[in-house]
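Let's take a walk through this structure, one spot at a time. Have the model open and follow along.

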Amino acid sequence: MSTLPVPAPAGVPGPAGNPSLGGIPGSELAGPFPVGEYAAALRTKLRAFAHVQLVGELVNLRIARARVYFELRDAHGAIPCAVWRADWEAILARGGLQAQKETPSSFEGVQVVLAGGCDYYPGSQSASPSFSFQVSDLRVAGEGDLLARIDRLRKKLHAEGLLERQRSLRRPVLPRCIGIVSSESGKARDDVLAALGRRGWAGRLVWGFAPVQDRRAAPAIARALQDLAALAEVEVVIVARGGGSLADLLCFCDETLCRTVALLGVPVIASVGHHTDRTLLDDVAAVSASTPTHAAEEAVRVDCEDARAALLRSAGRVREHGRRAVLDRARSLASLARAPGAHLTGQRARLHQHLRETRAGARRRLRGERELTERRLLVLARKSAAGLAECRERGPRELRRLELALAAHDPQRTLERGYLLAQDAHGEPVASTVEAAKAGALRLRFADGVLPAQIQESPA
């Protein structure tokens, strides 16, 4: 075991006068030293180290009243860091960090370069010692490798269509059995139970306890989800965890866990972290709830207390209406039973009145139909008389026109103008000299008579 080259505190003998340690002869350790003096010497030695620059990812940011604490990590190690609150505000003011000042979680995973040196708090009888890297300056180096890996995995799952599978599952409005994956001693468990109690839900809960923070958490959560999904009565599963840094929630960005959730046949409601936290499990799950209380409300979407109260009010109204209807009918039957003759007389009078009204209505209907028919007949008679008069006036004019047209085509009119008509012995018209030669004897018809004619010689 090596020793630190620190000076021996005053009044304490050095190695030459060193007695045996714990009764073990031959021990070469210096001392013994008082713890406070040794811790002070250690602080002096550490603070003497040269100031350096470190690069890594900023995680687990905590802002206290006087100082700001965080860790600087990479793939091979981590170191605790601290910066005075005033220096931190100055770094933010000059743009050393490009993030929202209001939410410490927005700085998680940012790749930074910081300057400073080792520091050591020696503690006291009532306070624990601590080592930290005292930061004097800080600037952003670029997107952290952690956030980049998460983003690449998110895009990969989206390309495979695994971000939509859970959202396509049907979620029951009022499940009878809910599975819950959470830490056995975490506050998220109490929040879910309190929210379900406020909802008045009285179904069955099946718990799948698993660690929710460390390298063993993701496989344990995946096994718990598979076990709950294998139960036929479980209709929806809640994964609940309280808030934390990105490093604390890193197990919920595990690829195997996300693929397991995406392929489950039971809808999963993710409630990891606070309102501003976002993990890959939130993207893959059917619903991303901001808090465990919100997750319980998403699982049981009906306020059972309000529903029971509304059902009781409706049942009361139905019962009251039914009671009134029965009482009204009973009163009516009782009144009919007391004086049946009077009721029969009243009913008979109403029937006679209805009969008179029906007859009067029928007479009015027949009278109206008769008047309408008479008006129609009068209109038809007037139209018929007008048409007959028009025919009487138009008929002679039309006959005269036709007579003139027929006279214009009368052959007798043509003969009166000096023409004659050659006919054969049978009275048929002869239209050519060839036909006249064949006929031999002709009849020549003039306007005032007919003369016989004989062909003397044949035409050339």
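Arg401 is partly exposed, with a relative accessible area of 46%; here buried means under 20% relative accessible area, exposed means over 50%, and partly exposed is in between (1.4 Å probe, protein chains only). Its partner in a salt bridge is Glu398, and the closest N and O atoms are 2.2 Å apart. Elsewhere, salt bridges that share partners link Asp151, Arg154, Lys155 and Asp283 into one network.

Before going on, a word on what you're looking at: this is a predicted model, where local features need pLDDT of at least 70, side-chain atom pairs count only at pLDDT 80 or more, and totals for chains, interfaces and linings use all residues. Residues are numbered from 1 along each chain as its sequence is written, and side-chain values use heavy atoms, with hydrogens and water left out.

Stay with helix α10, which covers residues 340-408, and you'll find Arg364 in it. Is Arg364 buried or exposed? Its relative accessibility is 52%, so it counts as exposed. Arg364 also belongs to a positive surface patch, together with Arg359, Arg363, Arg367 and Arg370. A patch like this takes residues with over 30% relative accessible area and no salt bridge, joining like charges within 9 Å. Lys and Arg count as positive, and the place of an Arg charge is taken as CZ.

Now for more pairs. The structure holds 20 salt bridges. Side chains of opposite charge can pair when their charged atoms come close. In helix α9 (residues 304-338), Glu320 and Arg324 are separated by about one helical turn because they sit 4 residues apart. Their side chains meet in a salt bridge at 3.1 Å, N to O. Glu320 is partly exposed at 28% relative accessibility, and Arg324 is partly exposed at 45%. Another pair is Glu71 and Arg73, whose closest N and O atoms are 2.9 Å apart in their salt bridge. Glu71 has a relative accessible area of 24%, while Arg73 comes in at 32%, so both are partly exposed.

What about the strands? Phe131 lies in strand β5 (residues 130-143) and is partly exposed, with 32% relative accessible area. The C-alpha atoms of Phe131 and Cys81 are separated by 8.5 Å, though the two residues are 50 apart along the chain. Setting aside neighbours within four places in sequence, Phe131 is in contact with residues including Leu46, Ile79, Pro80 and Tyr120, where contact means heavy atoms within 4.5 Å. Gln423, in strand β11 (residues 421-423), is buried at 9% relative accessible area.

Finally, zoom out. The chain has 12 helices and 13 strands; these are DSSP runs, numbered from the N terminus, with helices being H or I of at least four residues and strands E of at least two. Of its 460 residues, 29% count as buried. Among contacts with a separation of 6 or more, 62% involve residues 24 or more positions apart. The accessible surface comes to about 29600 Å², of which 56% belongs to carbon and sulfur atoms, using the Shrake-Rupley method with a 1.4 Å probe.

Key
Patches are made of residues with over 30% relative accessible area and no salt bridge: like charges are joined within 9 Å, nonpolar side chains (Val, Leu, Ile, Met, Phe, Trp, Tyr) within 5 Å. A salt bridge is a side-chain nitrogen of Lys or Arg within 4 Å of a carboxyl oxygen of Asp or Glu.
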